[in-house]
Every structure is written in structure tokens, then in C-alpha cells.
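Reader: Got a model open here. Can you walk me through it, starting with the aromatics?

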Amino acid sequence: MTALLALSRAIDRLNEFIGKWIAWAILLSILISATNAVVRKAFNISSNAWLEAQWYLYGAAFLLAAAYTLKQNEHIRIDVV
């Protein structure tokens, strides 16, 4: 039983580490999105590569931070009547 509890604590520590570091990916995604929008409006230049990078970062943040969000009990709950 102690081995399973140690494994559980190790997984929790890993989730904490990943959850805190994934915030930087979210920030990077926001910066890419804002820069791409400004460049598109100001210079009429668009790049699909930056748009795809933004979506890949968003997807990685969503998938990697899901366990951290669940551990922190911060999931959004929707009631359906």
C-alpha cells in the first residue's frame, strides 16, 4: 500500500510541475495570437505557420493542464436540466 501511495504522490508532483510550466505555453500562445493579429491588420500580411503554432500550443496546454486542473478542483461544471 505504501508503494501505491508513493506512486500517487509522485504523479501528483509531476502534475504540479507540468501544470505550472504549461502556463508559459499559454502565455506564448497569447503573445503569438496578439502579434499575428497586429501584423495582419497593420501590414496586411498573414502567416498560417504562426496560426498553427498558436493552435498547437493551445492544444498542448489543454491536454497537459487537464490533470492539474482536475487536481486543483478547478474544472468548469455545467448543469443540464
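Reader: Phe 17 and Trp 21: buried or exposed?
Author: Both are exposed, meaning over 50% relative accessible area; under 20% is buried and in between is partly exposed (1.4 Å probe, protein chains only). A caution on the source: this is a predicted model, where local features need pLDDT of at least 70, side-chain atom pairs count only at pLDDT 80 or more, and totals for chains, interfaces and linings use all residues. Residues are numbered from 1 along each chain as its sequence is written, and side-chain values use heavy atoms, with hydrogens and water left out.

Reader: How far apart are the ring centres of Phe 17 and Trp 21?
Author: The centres are 6.2 Å apart and the planes sit at 50°, so the pair is tilted. Pairing requires centres within 6.5 Å; planes under 30 degrees apart are stacked, over 60 edge-to-face, the rest tilted, and Trp is represented by its six-membered ring. Phe 17 and Trp 21 are 4 residues apart in helix H1, about one helical turn. Helices here are DSSP runs (H or I, at least four residues), numbered from the N terminus.

Reader: What sort of aromatic pair do Trp 55 and Tyr 58 form?
Author: Edge-to-face, with 5.7 Å centre to centre and 90° between the planes. Trp 55 counts as exposed at 51% relative accessibility. Tyr 58 counts as partly exposed at 48%.

Reader: Switching to H2. Where is the kink centred?
Author: On Ala 65, with a kink of about 45°. That bend is the angle between axes fitted to the seven residues ending there and the seven starting there.

Reader: And which residues of H2 are buried?
Author: Gln 54, Leu 57, Ala 61 and Ala 65. Their cover includes H1.

Reader: Which residues make up the largest nonpolar core?
Author: It has 6 residues: Ile 22, Ala 25, Ile 32, Leu 57, Ala 61 and Ala 65. H1 and H2 are the elements that give two or more residues to this core. A core here is a set of buried Ala, Val, Leu, Ile, Met, Phe, Trp, Tyr and Cys residues joined through side-chain atoms within 4.5 Å.

Reader: What does Ile 32 touch?
Author: Trp 50, Ala 53, Gln 54 and Leu 57, not counting residues up to four places away in sequence. Contact means heavy atoms within 4.5 Å.

Reader: Now Glu 16. Buried or exposed?
Author: Glu 16 counts as buried, at 18% relative accessibility. Glu 16 is in H1. Leaving aside neighbours within four places in sequence, Glu 16 contacts Tyr 68, Lys 71 and Gln 72.
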